[in-house]
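Here is a short report on how two chains meet. Please look at the structure first, then read on.

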Protein chains: 2
Amino acid sequence: MPGTEFDVLRELVARRRDVRRFQTRPIGSDILDDIFHLVEGAPSVGNSQPWRWVQVDGSEARAKVKSSFQAANEAARKAVPEDRQGLYANLKLAGLDEAPLQLAVFCDTQTTQGSGLGRQTQPEALHYSVACAIMIFWLAAKARGLGVGWVSILNPSDISDCLDVPASWDLIAYLCVGYPEDEHYDPELERYGWQDRVWSRHHVIKR
Amino acid sequence: MPGTEFDVLRELVARRRDVRRFQTRPIGSDILDDIFHLVEGAPSVGNSQPWRWVQVDGSEARAKVKSSFQAANEAARKAVPEDRQGLYANLKLAGLDEAPLQLAVFCDTQTTQGSGLGRQTQPEALHYSVACAIMIFWLAAKARGLGVGWVSILNPSDISDCLDVPASWDLIAYLCVGYPEDEHYDPELERYGWQDRVWSRHHVIKR
């Protein structure tokens with residue numbers, strides 16, 4: 001039974017995880033429609049709405065994404081201090097084999113929507129708008145029982161190439177989406193010994 | 001009376017606006033503590049938690065921020081097609097004079113937290129983590145009755161200079177925070193004739 005809006009949001013944020021362990025059962029299209037409708041209310045600089053969602057269904061494209069992940073992940077493992085390489089290798093860092101829905105999310109850097117308002121001196125605000133929309137997607141998915149995993153261990157140009165998107169679209173995120181195997185409050189990287197979280201709530205600097 | 005988690009989130013997102021019209025009354029420190037505590041649950045690449053919040057209270061710093069905004073805004077107005085310059089000039093694009101709380105939010109690009117995990121091939125994921133935290137802040141503030149306005153019409157280096165932060169910190173956002181003058185569902189830029197929003201919910205491309 002939810003309490004105030006703030007209580008509901010706090011609980012949603014606390015249970016939101018970066019999910020890598022998915023069930024393979026599919027997601028109903030009505031659920032996805034609801035989520036995307038909510039996501040349209042995300043903020044964007046000058047109301048530019050620069051997010052572009054590409055649903056990656058094809059087996060060839062998925063294989064290429066996986067191959068990009070594997071190469072980047074192996075390089076990353078080798079770059080870790082030797083005594084932590086075993087620990088790194090045991091982390092599950094993506095749900096690419098199981099997640100029924102996979103979304104590549106791009107920023108259309110050439111969009112005319114918004115007439116450039118608000119992004120003359122800080123053009124990267126456009127990219128941050130897409131990150132904000134992804135955050136809303138993540139919470140909305142969680143509120144419908146879904147987990148989201150953000151895979152950043154890959155080469156963005158590999159993804160753009162295999163999905164054949166315009167050169168002016170920058171990859172912001174590759175998302176795995178599906179029903180999670182389980183639900184927990186502690187992050188995977190904490191649970192599997194990579195590191196603890198820092199609780200630093202009073203670290204607002206004043207000037 | 002809230003419904004499901006999804007209903008609560010949908011309503012929160014629908015009423016979230018980029019606010020430029022603030023009351024000047026201060027925000028209780030207990031409210032801010034609650035919000036920042038919630039924000040610590042934001043996702044970040046490799047749990048790097050790279051956000052750095054600087055509360056801008058000093059009158060000298062505030063004057064410099066305002067001056068950076070004014071210069072960037074005047075340049076932006078001149079770059080707009082002539083027949084829209086009057087419209088642009090009439091938009092209120094920041095609440096810098098009224099907002100009782102102002103926060104410069106930075107990304108610490110040299111943080112060792114997370115040991116670099118997840119950001120070898122897509123280092124900008126660190127910046128996107130900060131944008132995600134800002135989105136959570138925005139919703140949490142809204143859930144406590146506060147409005148947030150993201151001011152991107154300024155020169156990031158002006159802000160970094162006047163706040164004397166480390167060179168490795170990149171400015172992600174300058175936020176005005178306070179109780180809004182009023183609450184509405186339509187974005188300011190729609191309400192004041194700059195442009196309509198696009199509703200494109202079914203525009204997920206499949207590959």
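## Strands across the interface

Two strands pair if DSSP finds at least two bridges between them. Strands (E, at least two residues) and helices (H or I, at least four residues) are DSSP runs, numbered from the N terminus. Strand 5 of chain A (residues 205-206) pairs with strand 1 of chain B (residues 51-55). The sense is parallel, over two bridges. Within strand 1 of chain B, Gln55(B) is the bridge partner of Lys206(A).

## Basis of the model

This is a predicted model, in which local features need pLDDT of at least 70 and side-chain atom pairs count only at pLDDT 80 or more, while totals for chains, interfaces and linings use all residues. Residues are numbered from 1 along each chain as its sequence is written, chains are lettered from A in the order in which they are written, and side-chain values use heavy atoms, without hydrogens and water.

## Extent of the interface

Contact means heavy atoms within 4.5 Å. By that rule, 90 residues of chain B touch 89 residues of chain A. The buried area (accessible area, 1.4 Å probe, lost on putting two parts together, summed over both) is about 7700 Å². Carbon and sulfur atoms give 62% of that area. In chain B, Glu5(B), Phe6(B) and Arg207(B) lose the most area to chain A. Together they make up 11% of what that side buries.

## Charged contacts

A salt bridge needs a side-chain nitrogen of Lys or Arg within 4 Å of a carboxyl oxygen of Asp or Glu. The rule finds two across this interface. Glu5(A) and Arg15(B) form a salt bridge through their side chains, at 2.4 Å, N to O. Helix 5 of chain B (residues 125-143) supplies the largest share of the side that touches chain A, 11 residues.
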